[in-house]
Amino acid sequence: MQSSARRRAFKLAQDRWSATGVRWTNETSKSSFICSTCRRQSTVAASQSSLPAWSNHQKESAGSTPLSIDGRSYRTDSWTNVPPNIISAVPRRLHLQPSHPIALTRELIESRFPYPTFKHYNNFSPVVTVAQNFDSLGFPADHPGRSRTDTYYVNKETCLRTHTSAHEADIFRANESVGYTISADVYRRDAIDRSHYPVFHQMEGARLWDRHEVPGGDIAKAVWADVARLPKHDLKVEDPNPTIHEERNPLQAEFHSAEEVEAIAAHLKRSLEDVVVEIFSKAKEATLAIGDGKAEVDEPLRVRWIEAYFPWTSPSWELEVFWQGDWLELLGCGIVKQGLLNNSGVPTKLGWAWGIGLDRVAMLLYAIPDIRLFWSLDERFLSQFSTNKPASRFVPFSKYPACYKDVAFWLRSFSSSAGGGIRSNAQDFHENDVMEIVRGVAGDLVEDVKLFDQFTHPQSGRKSFCYRINYRSLERTLTNTEVNKLHDTVTAEMVEKMGVELR
């Protein structure tokens, strides 16, 4: 069910759990629930069997030198596309940095899923196999998420994880606890703006019950007993749809009874409503502490459950929260597909799972206006947050002036290999290639990159694009000289790596 309410551009569910915003590309259906804030413009769904064309430099370097990531060496090949600026971010692990807002948000959510019922996994390496990242979760071979336009490949068999769920099957297989949470940094080639970054942070959790371990094998009775022990709340909850709907939200009838799913869904929803109370109570406290928005924060918290579709859960839901006059997508969840559990060696277990984007929640909780700030080493930012004090809204230091530069170019008119190749023509051009070049040159000195004009020549059919790059540092005023130098390097690399013709 799609809400007709106006959505904030600032989405909260930058993860694989989102029904309304879940897109690897604008054309991808809701069967891909990976990223709710990825504003893709590709029409290419390149499979792993379609190898994109590379620049001459990349062809020469691929496979010639091992790639070192976080102290480990990996072989490279023609699939390798991880740039140095992404590799340098791997050791940062913001979700584990003491008193960092990402880590504080993680700790806040973890507190609602206590040990030993839930084991917390926070130290998995971001380098995973393609089988872990895609195959274990049933991604089709031609899913656009597998494309090198979207994913950072270490080599053909290895990549930087694009979601925490790359570790899901392994945790189910290890069977170390009845519940778990995973928090991790994840990596995707993406747009450049104040709410997108190629490295961000996700958190997911799951809770299972075993038919062989509950009294009398009665899953429904055991789960309802657990529901009775969960914290109560006074949220206003809108949940108008039935738990199971034959077409919109079907039961996995081969494996689960309706009574079991009703009980598990109740446990899932109550558990996540408790998370909402914790997050938004802190957000209200932070807002009231500075005397801002008293009327809005005095309004009772409201949530609503929206029917959703995710390939790895059924039935599935999305949770939205009414906050400061708007409905915000917060997370996605559902009853775990039994096939995933069976393939992980735990066929007698069933339960629920959920996922959430930590960066978006932290931006809301601390009123942080630009996702780049999370990566700042400036004490004016870092000193505002501490484990030892209540959550408080970020107080901006001076905002430095923007410097806008445009770059316009023609794509080549002939075709090469498909799939987001970096030697761009109308068939294989992908906007993420532009973003990667800008990031590789200017890093966090760019606030956003926006396409503001495109044109197709009526006679030749050649396509032209014009992008506006906003150079703005979070920490100092940039000089015209250094911006011009950065921009000249950006345009030169576009010509060299993408094969475009500048206008």
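Q: In this predicted model, what is the strand order of the open sheet of four strands, and which pairing does it have?
A: The order is S15-S16-S14-S17, and the pairing is antiparallel.

Q: What makes strand S15 and strand S17 edge strands?
A: Strand S15 (446-456) and strand S17 (501-502) each pair on one side only, and they are therefore the edge strands.

Q: How do you know that strand S14 and strand S16 pair?
A: Two strands count as paired if there are at least two bridges between them, and S14 (residues 403-410) and S16 (residues 463-471) are joined in the antiparallel sense over eight bridges, with Cys-466 in S16 as the bridge partner of Ala-408. Helix H13 (residues 480-498) packs on this sheet, where it touches S14, S16 and S17, and its direction makes about 20 degrees with that of S14.

Q: Why is H3 called roughly perpendicular to H10?
A: Helix H3 (residues 101-110) and helix H10 (residues 358-366) pack at an angle of about 100 degrees, with their axes 9 Å apart; because angles of 65 to 115 degrees count as roughly perpendicular, H3 is described in that way relative to H10. The contact involves residues including Leu-104 and Leu-108 of H3 and Val-361 and Leu-365 of H10, and by class it has ten nonpolar, one polar and two charged residues.

Q: Why does Cys-159 count as buried?
A: Buried means under 20% relative accessible area, and Cys-159 has 0% relative accessibility, so it counts as buried. Cys-333 is buried as well, because its relative accessible area is 0%.

Definitions and conventions:
Residues are numbered from 1 along each chain as its sequence is written. This is a predicted model: local features need pLDDT of at least 70, side-chain atom pairs count only at pLDDT 80 or more; totals for chains, interfaces and linings use all residues. Side-chain values use heavy atoms; hydrogens and water are left out. Helices (H or I, at least four residues) and strands (E, at least two) are DSSP runs, numbered from the N terminus. Contact means heavy atoms within 4.5 Å. Axes are lines fitted to C-alpha atoms, for helices over the stretch in contact, and angles run from 0 to 180 degrees between N-to-C directions. Buried means under 20% relative accessible area, exposed over 50%, partly exposed in between (1.4 Å probe, protein chains only). Angles under 35 degrees count as roughly parallel, over 145 as roughly antiparallel, 65 to 115 as roughly perpendicular and the rest as oblique. Ala, Val, Leu, Ile, Met, Phe, Trp, Tyr, Cys and Pro count as nonpolar, Asp, Glu, Lys and Arg as charged, and the others, Gly among them, as polar.
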